[in-house]
Amino acid sequence: MRFIDKFLKVLKTDRNTFFTYVLTLFTAYVVIDRVSEMLILFFTGMSVSYWGPIKYTLAMACPIFAFTLSYPSKFCKSDNTKISFLYTYCICLYIIGISAVVQWLNHIAWIAILSLPNYEIIITEFSDLIRNAFTAVSIYIPLTTFYKLILWLNKTVNDPIFPNNFQESICDFQGLDISAPDGTTGPLSLEIEICKDRGSGKSVKLIEARRFQPTLIIGPSGTR
């Protein structure tokens with residue numbers, strides 16, 4: 001991380017802001033790619049690029065980590081921004097998830113058809129029927145589930161009735177802060193142990209930067 005921190009100093013930004021930006025770009029790319037695949041499924045009944053569980057897991061991790069890293073970043077400056085980020089990443093996560101469901105159903109259906117005896121006759125003679133059925137499923141599932149997400153965001157997250165516990169919990173969420181330590185403590189710092197915590201037994205230390213704050217010097221000038 002030392003080399004990354006040097007690079008971030010040149011960019012004049014911090015870790016959370018940088019990784020939020022990068023993960024958001026990856027999320028946008030994945031969303032555009034999966035929407036394109038769903039459109040191909042709708043028009044042809046067969047996808048061009050079938051992703052497996054590992055690819056979809058990594059794809060879903062992008063909006064999730066982007067959301068958790070965005071709250072301590074410079075992008076989130078108010079509670080309204082936090083709510084907007086929640087809307088954005090929830091929709092992105094939904095698109096990736098629904099794309100996985102539609103693609104896997106399509107893939108399983110094609111495998112089932114190709115496993116039947118004399119599948120060549122079924123595909124050649126009933127190709128239009130099969131294609132229409134697959135395209136209908138590819139558009140039916142998103143249309144019947146997307147409104148539920150919008151309904152949940154409007155009625156639960158954006159509920160105007162006070163108090164909105166869900167919205168308050170989102171605003172209080174601090175996210176995952178991966179910023180570099182300030183260097184006030186560490187193996188090379190000079191710390192003073194004041195006492196021990198009675199409950200946990202851990203040492204309560206005064207860090208090096210503050211060890212002279214309680215110092216009181218009394219006497220005329222020039223004396224020690």
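These notebook entries record what I looked up in the structure.

**Entry 1. Basis**

I noted that this is a predicted model, in which local features need pLDDT of at least 70, side-chain atom pairs count only at pLDDT 80 or more, and totals for chains, interfaces and linings use all residues. Residues are numbered from 1 along each chain as its sequence is written, and side-chain values use heavy atoms, with hydrogens and water left out.

**Entry 2. The chain as a whole**

I looked up the elements and found seven helices and two strands. Helices (H or I, at least four residues) and strands (E, at least two) are DSSP runs, numbered from the N terminus. Read from the N terminus, the order is α-α-α-α-α-α-α-β-β.

I then looked up burial, where buried means under 20% relative accessible area, exposed over 50%, and partly exposed in between (1.4 Å probe, protein chains only). Of the 224 residues in the chain, 27% are buried. The chain exposes about 15,500 Å², and carbon and sulfur atoms supply 67% of this area. Accessible areas come from the Shrake-Rupley method with a 1.4 Å probe, and for residues only the protein chains shown count as cover.

For contacts (heavy atoms within 4.5 Å), I recorded that 63% of those between residues at least 6 apart in sequence join residues at least 24 apart.

**Entry 3. The nonpolar core**

A nonpolar core is a set of buried Ala, Val, Leu, Ile, Met, Phe, Trp, Tyr and Cys residues joined through side-chain atoms within 4.5 Å. I found that the largest one has 30 residues, and that Y71, L86 and I96 have the most contacts inside it. Two or more residues each come from α2 (15-44), α3 (53-70), α4 (79-114), α6 (127-157) and α7 (165-172). Helix α4 gives the most to this core, with 11 residues.

Leaving aside neighbours within four places in sequence, I96 is in contact with V30, V31, Y56, A59, M60 and P63.

**Entry 4. A nonpolar surface patch**

Patches are made of residues with over 30% relative accessible area and no salt bridge; like charges are joined within 9 Å, and nonpolar side chains (Val, Leu, Ile, Met, Phe, Trp, Tyr) within 5 Å. I found a nonpolar patch of about 690 Å² made by V35, L39, F42, F43, I139, Y140 and L143. Helices α2 and α6 give two or more residues to the patch, and the largest share, four residues, comes from α2. I checked F43, which lies in α2; F43 counts as exposed because its relative accessibility is 56%.

**Entry 5. Cysteines and charged pairs**

I searched the whole structure for disulfides (a pair of cysteine sulfur atoms within 2.5 Å) and found zero. C92 is in no disulfide, and its nearest cysteine sulfur, that of C90, is 9.4 Å away. C92 is buried at 14% relative accessibility, and C76 is buried at 12%.

I next searched for salt bridges (a side-chain nitrogen of Lys or Arg within 4 Å of a carboxyl oxygen of Asp or Glu). The whole structure has one. D33 forms a salt bridge with R34, with the closest N and O atoms 2.6 Å apart. R34 is buried, with a relative accessible area of 0%.

**Entry 6. A backbone angle**

Most residues other than glycine have a negative phi. I noted that K12 has a positive phi, near 60 degrees. K12 is in the loop between α1 (2-11) and α2, and is exposed, with a relative accessible area of 72%.
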